[in-house]
Each structure stands twice: as structure tokens, then as C-alpha cells.
Amino acid sequence: NEVIHSLGILDWEIYDCISRDHVTDEVIITEEQMVHIRERHPEAYIDTMHYVRDILDNPDYIFRDKRPNTGLVVKKIQNDGDSSLLVLKIVTSDDKKDYKNSVITSWKITEKRLNNYLRNKDIIYKKE
């Protein structure tokens, strides 16, 4: 049975931009995804795990992802010049019943990469 870590609940005033069709407020990350981040994006792992609540509660930007009901949630982390990016999948009524909103993966992006995203991606949320 898969190990699941709860990351609390999502604020729909922020996350409605990804999907208005929500079935649960809870957001999780699976142990499997954590292992993936640790192996594939080790530079992001500690920051992401340490700041994940802060990133989710107070993102700077959310960009539309190519996958449906998925957003790229970006927040600048204070301890360095880079931003952390979380790929967040919102569960909708089309998904399996017991699914939860979840963080799929995460990586760090430089200021330059962020500026590139700001020019080229669809910005669906921007912090006031």
C-alpha cells in the first residue's frame, strides 16, 4: 500500500485557476513522488520539502501545464536567488474517487528560466 503524506489543504481563491471542478481540498505527495524528486532533482528536494507548505499557501505565479488540470506553482525561496516549482495536479470529478490533489514533481528554476516562463507560458495566477 502506498505511503501518502498530507500537505494540508488548498486555497481555492488561488487554485481555481487550475480547475474549478474540485472534489477535495486536501493536497498530498506520495512517497513514490518524493523518491522521484530526491533522485531526479536532488537540488530541489530539501528546499521543496522544507518549504512546500509555504509554496502552496503563497505562490508567486501559477503557469498552465500542458497536462489537463495541472499547474506549475512557482515561488521564490528566500535562502537563494532561485525559485521552487511544484507540478500540482488537481483532482476533478473525472478522476478516480479516492484520488487527492497532488504534487507530482518539483524542481528549481533560475531567475533566467523564470523570465523565460513569464514570456512564453500561460500565466494563470500572479500574486497581488
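## Meet the cores and charged pairs

Leaving aside neighbours within four places in sequence, L56 is in contact (heavy atoms within 4.5 Å) with L7, L10, I14, Y15, V27, L86 and L88. This is a predicted model, where local features need pLDDT of at least 70, side-chain atom pairs count only at pLDDT 80 or more, and totals for chains, interfaces and linings use all residues. Residues are numbered from 1 along each chain as its sequence is written, and side-chain values use heavy atoms, leaving out hydrogens and water.

**Nonpolar cores**
- A nonpolar core is a set of buried Ala, Val, Leu, Ile, Met, Phe, Trp, Tyr and Cys residues joined through side-chain atoms within 4.5 Å.
- Buried means under 20% relative accessible area, exposed over 50%, and partly exposed in between (1.4 Å probe, protein chains only).
- The largest such core has 23 residues, and L10, Y15, L56, I62 and L88 have the most contacts inside it.

**D60**
- With 17% relative accessibility, D60 counts as buried.
- Not counting residues up to four places away in sequence, D60 touches V74, K75, K76, Y125, K126 and K127.

**Salt bridges**
- The whole structure holds eight salt bridges, each a side-chain nitrogen of Lys or Arg within 4 Å of a carboxyl oxygen of Asp or Glu.
- E26 pairs with K100 in one of them, with the closest N and O atoms 3.9 Å apart.
- R67 and D65 also form a salt bridge, at 2.7 Å from N to O; R67 is partly exposed at 42% relative accessibility, whereas D65 is buried at 10%.
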